[in-house]
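Please look over the structure shown here.

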Amino acid sequence: ILKNEARANSGRPDYFTQETIDNLRNGTDPDLYPNTKFFDELFSTAKINKYDLSISGGTEKVSYSFSGGYLEQEGILLNQSAERVNYRSNIRVKLSDRITTGLNLWGYRNVAKRSYYSTDDILRRAYFSQPLVPVRWTTGPAEGELAGFTTLGTGNPKAVQNPIQRAINGENINTNDKFSTQINTEINLAK
């Protein structure tokens with residue numbers, strides 16, 4: 001509609017016919033007359049699963065504690081997620097009235113997954129993309145494939161950037177591991 005107004009203001013004919021505008025509003029043929037909201041396609045609510053387990057106990061001479069956790073987080077942006085596993089173990093042994101020793105272990109593993117393309121690139125493309133491009137073709141020989149062109153307004157295929165293609169293209173997995181060990185001994189010389 002705005003494109004038609006701009007053309008009318010400069011004395012040029014309408015770019016879209018009223019029939020085309022009506023078909024876009026009705027959504028009867030999403031391939032030929034799409035009205036894509038790319039941000040709605042890219043973003044969704046995401047769930048987080050978190051599990052923790054802790055065990056501790058001991059005797060007068062030995063004490064221990066073990067804990068671990070797992071976090072799984074879906075991203076709110078398409079094709080992004082993260083996982084984290086963490087653990088901690090502490091053992092303390094009283095060898096005599098004067099000597100105590102201990103072992104502490106802890107670590108984690110983080111795995112973050114996202115598209116090969118940067119989030120900035122994906123969002124920029126979504127912001128500048130025309131809603132006149134379907135996300136995927138719904139009929140014909142290319143059914144289910146990502147759309148990469150539109151014929152709307154020109155009658156001829158016109159290549160366009162599909163931000164969904166950027167979001168799901170490729171996979172960049174970043175894994176971080178950390179492990180630490182501490183051994184300690186206490187000697188009480190005052191006894």
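Predicted model: local features only at pLDDT ≥ 70, side-chain atom pairs only at ≥ 80, totals over all residues.

Residues are numbered from 1 along each chain as its sequence is written, and side-chain values use heavy atoms, with hydrogens and water left out. The protein chain has 5 helices and 7 strands. Helices (H or I, at least four residues) and strands (E, at least two) are DSSP runs, numbered from the N terminus.

**Overall fold**

- Along the sequence, the order of elements is α-α-α-β-β-β-β-α-β-β-α-β.
- Of the 191 residues in the protein chain, 21% are buried. Buried means under 20% relative accessible area, exposed over 50%, and partly exposed in between (1.4 Å probe, protein chains only).
- Contact means heavy atoms within 4.5 Å. Among contacts in the protein chain between residues at least 6 apart in sequence, 59% join residues at least 24 apart.
- The protein chain exposes about 13,000 Å², with 52% supplied by carbon and sulfur atoms. Accessible areas come from the Shrake-Rupley method with a 1.4 Å probe; for residues, only the protein chains shown count as cover.

**Nonpolar cores**

- A nonpolar core is a set of buried Ala, Val, Leu, Ile, Met, Phe, Trp, Tyr and Cys residues joined through side-chain atoms within 4.5 Å.
- The largest one has 9 residues: Phe38, Leu42, Leu77, Ile122, Ala126, Val133, Val135, Ile164 and Ala167.
- Helices α3 (38–42), α4 (119–128) and α5 (163–168) each give this core at least two residues.
- A second, separate core holds 5 residues, including Phe16, Ile21, Tyr33 and Leu132.
- Beyond its neighbours within four places in sequence, Phe38 is in contact with Ala126, Ser129, Gln130, Val133, Val135, Asn162, Pro163 and Ile164.

**Helix α2**

- Thr20, Ile21, Asn23 and Leu24 are buried in helix α2 (residues 18–26).
- Viewed down the axis of α2, its buried residues fall within an arc of 160 degrees, so they line one face of the helix. The arc is that of the directions from the helix axis to the C-beta atoms.
- Gln18, Glu19, Arg25 and Asn26 are exposed on the other side of α2.
- α1 (2–9) is what the buried residues of α2 pack against.
- Gly27 follows α2 and has a positive phi, near 65 degrees.

**Salt bridges**

- The structure holds 7 salt bridges. Each is a side-chain nitrogen of Lys or Arg within 4 Å of a carboxyl oxygen of Asp or Glu.
- Glu186 and Arg92 pair at 2.9 Å, N to O. Glu186 is in strand β7 (residues 172–187) and Arg92 in strand β3 (residues 81–94), so the pair ties together parts 94 residues apart in sequence.
- Glu186 is partly exposed at 43% relative accessibility, and Arg92 is partly exposed at 34%.
- Lys113 bridges to Glu171, with the closest N and O atoms 3.4 Å apart. Lys113 lies in strand β4 (residues 99–114) and Glu171 in the loop between α5 and β7, so the pair ties together parts 58 residues apart in sequence.
- Arg125 bridges to Asp121, with the closest N and O atoms 3.2 Å apart. The two are 4 residues apart in helix α4, about one helical turn.
- Arg125 is partly exposed at 21% relative accessible area, whereas Asp121 is buried at 14%.
- Salt bridges with shared partners join Asp121, Arg124, Arg125 and Arg166 into one network.
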